[in-house]
Amino acid sequence: GLLHPTFKSKYEFETSSKLWHIVESPVSNHIFVVLSGDSETPGSAGVACLSYDSNGVLDLEWETTNSSFDTLHGITASSDGSLLYVSSRGNGSVYVFDANTGALLSTSSGVDMMIGSSTGIAVTQSQ
């Protein structure tokens with residue numbers, strides 16, 4: 001017979017967080033979620049890390065928000081799972097986060113980006 005998905009768990013963010021893209025860690029039982037934010041709720045944009053156990057139960061590990069984040073969108077993880085790269089549709093920046101703690105490590109402004117409907121980020125180098 002057909003297999004039907006079974007609901008396991010949910011984690012509810014604030015309504016103003018406006019969840020966007022999600023990516024899994026390549027090395028652990030963590031998923032990372034972009035919070036696009038709401039222009040009427042400063043500080044609602046950011047990124048969050050959820051862990052899941054063998055039963056699929058979700059737990060929040062960390063959440064990083066900041067009023068300077070502007071319409072966050074794309075997300076990808078480094079191949080070793082230690083860094084997260086998050087793009088901004090609002091100001092053209094790429095933010096680099098520590099995937100273990102959620103600490104903002106650096107910001108690259110004025111990056112030429114192609115943001116597609118998937119979770120990835122394509123960065124092109126200007127001449």
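This is a predicted model: local features need pLDDT of at least 70, side-chain atom pairs count only at pLDDT 80 or more; totals for chains, interfaces and linings use all residues.
Leaving aside neighbours within four places in sequence, with which residues is Ser25 in contact?

Residues are numbered from 1 along each chain as its sequence is written, and side-chain values use heavy atoms, with hydrogens and water left out.

View 1. Beyond its neighbours within four places in sequence, Ser25 is in contact with His30 and Phe32 (contact: heavy atoms within 4.5 Å). Strands (E, at least two residues) and helices (H or I, at least four) are DSSP runs numbered from the N terminus. Ser25 counts as buried because its relative accessibility is 6%; buried denotes under 20% relative accessible area, exposed over 50%, and partly exposed the range in between (1.4 Å probe, protein chains only). The side chain of Ser25 reaches the backbone nitrogen of Val27 at 3.1 Å.

**View 2. Asn91 in the loop between strand E6 (83–88) and strand E7 (94–98).** The side chain of Asn91 makes polar contacts with two side chains: that of Ser88 at 2.9 Å and that of Tyr95 at 3.2 Å. A polar contact is a pair of N or O atoms within 3.5 Å; within protein, one must be able to donate a hydrogen and the other to accept it, and residues adjacent in sequence count only if both atoms are side-chain atoms. When neighbours within four places in sequence are left aside, Asn91 is in contact with Ser68 and Asp70. The C-alpha atoms of Asn91 and Leu72 are 9.1 Å apart, with 19 residues of separation in sequence. Asn91 is classed as partly exposed because its relative accessibility is 34%.

**View 3. Aromatic pairs, of which the count comes to 5.** One of them joins Tyr11 and Phe13, an edge-to-face pair with 4.9 Å centre to centre and 70 degrees between the planes. Rings of Phe, Tyr and Trp (its six-membered ring) pair if their centres lie within 6.5 Å; planes under 30 degrees apart count as stacked, over 60 as edge-to-face and the rest as tilted. Tyr11 is partly exposed at 32% relative accessible area, while Phe13 is buried at 14%. The rings of Phe69 and Phe97 also form an edge-to-face pair, because their centres are 5.8 Å apart and their planes stand at 75 degrees. This pair links distant parts of the chain, 28 residues apart: Phe69 lies in the loop between E4 and E5, and Phe97 in strand E7. Phe69 is buried, with a relative accessible area of 7%, and Phe97 is buried with a value of 0%. Together with Tyr95, Phe69 and Phe97 form one aromatic cluster.

**View 4. Arg89 over the face of Trp20.** Arg89 lies 4.7 Å from the ring centre of Trp20. A charge sits over a ring if NZ of Lys or CZ of Arg is within 6 Å of the ring centre and within 35 degrees of the ring normal.

**View 5. Positive phi at Thr71.** Thr71 is not a glycine, yet has a positive phi of about 50 degrees. Thr71 is found in the loop between strand E4 (58–65) and strand E5 (72–77) and is partly exposed, at 29% relative accessibility.
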